[in-house]
Structures are given as structure tokens and as C-alpha cells.
Amino acid sequence: LALADPNYRSEPELEVLRAFKEAAREVDAMPRDRRVRHYDHRIGKFYLWTQTQTHVYVALHVPTGYQDRNVGVECDGTRLTVQAERSPKSIDRVLSNAISRETPISSFQSDDNRFTCIILQKQEMGKAWKTLFHGDSDGMRSLEPPYRLIENADDVIFELDVPFWIDAEDVDVRITDRHLTVRVRNEYDVRREFWRNKEMEDTEARGGASYPGPVDPTNCAWSLDEEQDANGDPIKVVMVHLAKPARTAKETTFEGSKRNDNLHQRRKDGQGIGVRYFIEDEDDFDLEDTLNALTFFESGSAYVRRKPYEREKYGEDDPGWVTDLSALSKRASTILEGLLDGEDESAAAAE
């Protein structure tokens with residue numbers, strides 16, 4: 001009976017819901033001017049966004065969504081608010097770019113009100129948005145990040161393409177045991193938090209083995225290299241070498257033993273092994289597939305990211321922008337089929 005009830009929540013889902021409410025209350029207590037320009041990943045992890053030449057799409061998991069409670073979506077042209085009935089706000093932020101005031105925003109919800117999709121038409125067609133909201137780091141919660149990551153057993157390489165005229169003095173790279181910050185004068189401001197092994201942190205807190213963390217800042221380095229883009233034009237690339245710490249005694253005791261890092265972390269969603277290196281890049285609620293279906297439906301293309309648990313099978317390179325339907329995941333294809341069926345039904349009703 002519980003499984004048949006659309007309002008049923010498992011214990012892990014209730015934990016997510018309680019954590020969301022606690023974080024939302026803390027954010028809501030901030031002064032309004034700060035709150036609407038403040039990114040908090042405890043809330044930000046519930047949404048993801050992408051864009052085409054003409055539109056911006058936002059996919060949102062509403063942890064407090066119930067079938068018998070409405071989810072309100074409001075936008076006055078600058079401020080976007082999403083709130084389930086009798087619940088804290090899921091989104092209450094100021095957009096970083098202008099949207100069309102002539103075209104109303106579109107939104108729709110899943111039958112159980114746990115998922116909401118929002119479509120915003122850009123005021124300036126063709127302009128690429130670096131951020132969704134004011135106050136966000138560049139590419140924050142964007143399906144297509146501004147950088148590339150190459151993850152290996154003992155290090156991670158971060159690459160960011162910048163204009164050819166950028167010099168080393170224009171670049172500021174800072175690495176701590178928790179964050180990477182890359183600022184390029186007049187171009188980029190990227191700040192990300194490393195994934196950390198909570199089990200090992202808890203063990204250390206209880207007096208157990210020390211947790212070395214995901215990165216060793218003392219052995220990291222960066223460079224600015226001359227390269228060419230896909231068209232053969234000159235560019236430069238900010239390349240950051242993020243060294244992982246020396247393996248622990250446990251990780252080196254047995255031949256073939258693996259690191260207790262993000263590449264070998266068992267996922268909570270049951271999809272297998274592997275999570276993304278930056279916590280802001282992780283998709284805990286399958287929102288990427290929804291965005292892929294929406295953008296493919298509008299433009300015939302979608303930006304596809306390699307799932308972290310597919311790394312060993314397919315490699316780690318993102319497929320990127322694809323126009324072949326077969327490049328979409330099975331779930332994204334199913335959502336797209338539903339959108340196409342709905343369009344056919346609307347067309348038939350109009351006749």
C-alpha cells in the first residue's frame with residue numbers, strides 16, 4: 001500500500017526532506033537582499049539548468065512536493081520563486097540575465113508534484129548565460145560546465161579555455177583542502193567544492209584513522225598554455241593539476257586495492273559506483289535526463305554529460321552537444337517520447 005501511495009516517503013527520502021527544510025529555514029532567515037543572491041548547495045543541489053540560443057530550462061526536484069499540494073512558480077521578470085504549498089521556498093533568487101517580458105514563463109509538474117520544469121525565454125536571443133542567478137559562481141548548476149575534468153587514479157586535471165590575450169597575471173588560482181577557485185580577469189569566476197568521503201571524516205572525528213581528504217594542495221600546480229580551438233583559432237588554457245594525497249595504509253595494503261575516493265564511492269541512488277569530483281556537478285535526482293529531453297524537443301540537440309558510474313564502460317569524456325537521438329539515455333528518450341506524444345495530442349485536439 002505504501003508503494004501505491006504517491007505521498008509515501010521512504011526513510012532516506014524523509015532524511016532528504018528534513019535536511020532541505022532545515023537549510024531552507026536558515027537561508028530564509030537571511031536579509032532579503034543577501035538571500036536572493038546567495039547560493040547554498042544544500043538547496044541548490046535540487047535544481048539544474050541548461051540553455052539553448054533562445055531559452056533557459058530549469059529542472060527542479062521538489063522534496064516537499066506532494067500530489068495533493070500545489071507547486072507555485074512565479075517570476076516578475078527578475079526574481080524566480082518556486083514553492084510547494086505549506087513548504088519553504090525551493091527557489092527564491094534573482095535571475096542574472098533578462099528574460100522576455102512579452103512571453104510568459106512556462107512550467108509544468110510531474111503527477112506527484114515532486115518534479116517541476118520551468119522554461120524561460122531569453123530577452124537577448126543568442127546570448128550565452130554564464131550563470132542562472134546573481135551571486136552564483138560561473139556555470140554553477142549548469143548542465144554544461146565551463147571547464148573540463150580529466151580524472152585519474154592519483155590526480156585530476158582541470159582545464160578552462162580562455163581568450164588568447166589572457167596573461168598569467170590575469171589568472172588567480174587558489175586551492176585549499178575543500179575548494180578550488182579559478183578567477184580570470186573579466187572572463188571567469190569559478191569556485192567549486194571537492195567531494196569528500198563522509199564515512200572517513202566521521203571515523204576521524206571519532207578518533208579513528210586520519211582522513212587525508214580528496215586533494216593535497218601542497219603538490220598542486222597550474223599553468224597557462226597556448227592551444228587552438230576546434231576551428232584552429234588561438235586560445236589559451238588554464239590547466240590546474242590537482243594532486244590526490246598519498247594513499248593510506250589501508251589503500252596500499254592489498255594488491256589492486258582502490259582509493260576511497262569519488263570514483264569508487266557507492267551511489268545512494270543505486271546506479272552503481274562513482275560520483276563527480278565537484279559536489280556542485282553531481283546530479284542526485286536524474287535532472288540531466290529531463291533537461292536533455294526538453295532541449296532536444298525544442299532544438300533537436302542536447303548537451304549530454306557522461307554519468308560518473310558509466311566511466312569504466314564508456315570512458316570519461318562527455319559526449320557534449322549531440323543531435324543523434326541514440327546518444328540520449330534511455331530515460332531521456334522516454335521523457336522525449338512523452339513530450340512528442342503530448343504535442344501530437346494537442347495538435348489532434350486543435351483540429
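The lining of the second largest cavity divides into two nonpolar, one polar and eight charged residues. That cavity holds about 70 Å³ of space. The model is predicted.

**Cavities**

- Searching the whole structure gives three cavities of 30 Å³ or more.
- The second largest cavity is lined by Arg267, Asp269, Gln271, Arg276, Glu282, Asp283, Asp286, Glu288, Lys307, Pro308 and Tyr309.
- The largest cavity has a volume of about 130 Å³.
- Its lining counts 15 residues, and Gly213, Pro214, Arg259, Asn260 and Asp261 lie nearest the centre.
- By class, the lining of the largest cavity has eight nonpolar, three polar and four charged residues.

**Second largest pocket**

- The second largest pocket contains about 1100 Å³ of space.
- It is lined by 44 residues. Nearest its centre lie Glu144, Pro145, Pro146, Tyr147 and Tyr303.
- Strand E8 gives the most, with five residues.
- The pocket lining has 18 nonpolar, eight polar and 18 charged residues.

**Open sheet E10-E11-E12**

- Three strands form an open sheet, in the order E10-E11-E12, with antiparallel pairing.
- Strand E10 (171-175) and strand E12 (188-193) are the edge strands, and each pairs on one side only.
- From one strand to the next, the twist averages 5 degrees.
- Strand E11 (residues 179-184) pairs with E12 over six bridges, in the antiparallel sense.
- Leu180 has Arg192 in E12 as its bridge partner.
- Pairing between strands of a sheet runs through backbone hydrogen bonds, either parallel or antiparallel.

**Thr81**

- Thr81 sits in strand E4 (residues 79-84).
- Thr81 counts as buried because its relative accessibility is 13%, and the cut-off for buried is under 20%.
- The side chains of Thr81 and Asp92 are joined by a polar contact of 3.4 Å.

How values were computed
Residues are numbered from 1 along each chain as its sequence is written. This is a predicted model: local features need pLDDT of at least 70, side-chain atom pairs count only at pLDDT 80 or more; totals for chains, interfaces and linings use all residues. Side-chain values use heavy atoms; hydrogens and water are left out. Two strands pair if DSSP finds at least two bridges between them. Helices (H or I, at least four residues) and strands (E, at least two) are DSSP runs, numbered from the N terminus. Axes are lines fitted to C-alpha atoms, for helices over the stretch in contact, and angles run from 0 to 180 degrees between N-to-C directions. On a 1 Å grid over the protein atoms alone, a cavity is a set of points where a 1.4 Å probe fits but cannot get out, and a pocket is an open set with protein on both sides within 12 Å along at least five of seven lines; lining residues have an atom within 4 Å of a point. Grid points are joined across faces, edges and corners, and a volume is the space filled by probe spheres set on the points. Ala, Val, Leu, Ile, Met, Phe, Trp, Tyr, Cys and Pro count as nonpolar, Asp, Glu, Lys and Arg as charged, and the others, Gly among them, as polar. Buried means under 20% relative accessible area, exposed over 50%, partly exposed in between (1.4 Å probe, protein chains only). A polar contact is a pair of N or O atoms within 3.5 Å; within protein, one must be able to donate a hydrogen and the other to accept it, and residues adjacent in sequence count only if both atoms are side-chain atoms.
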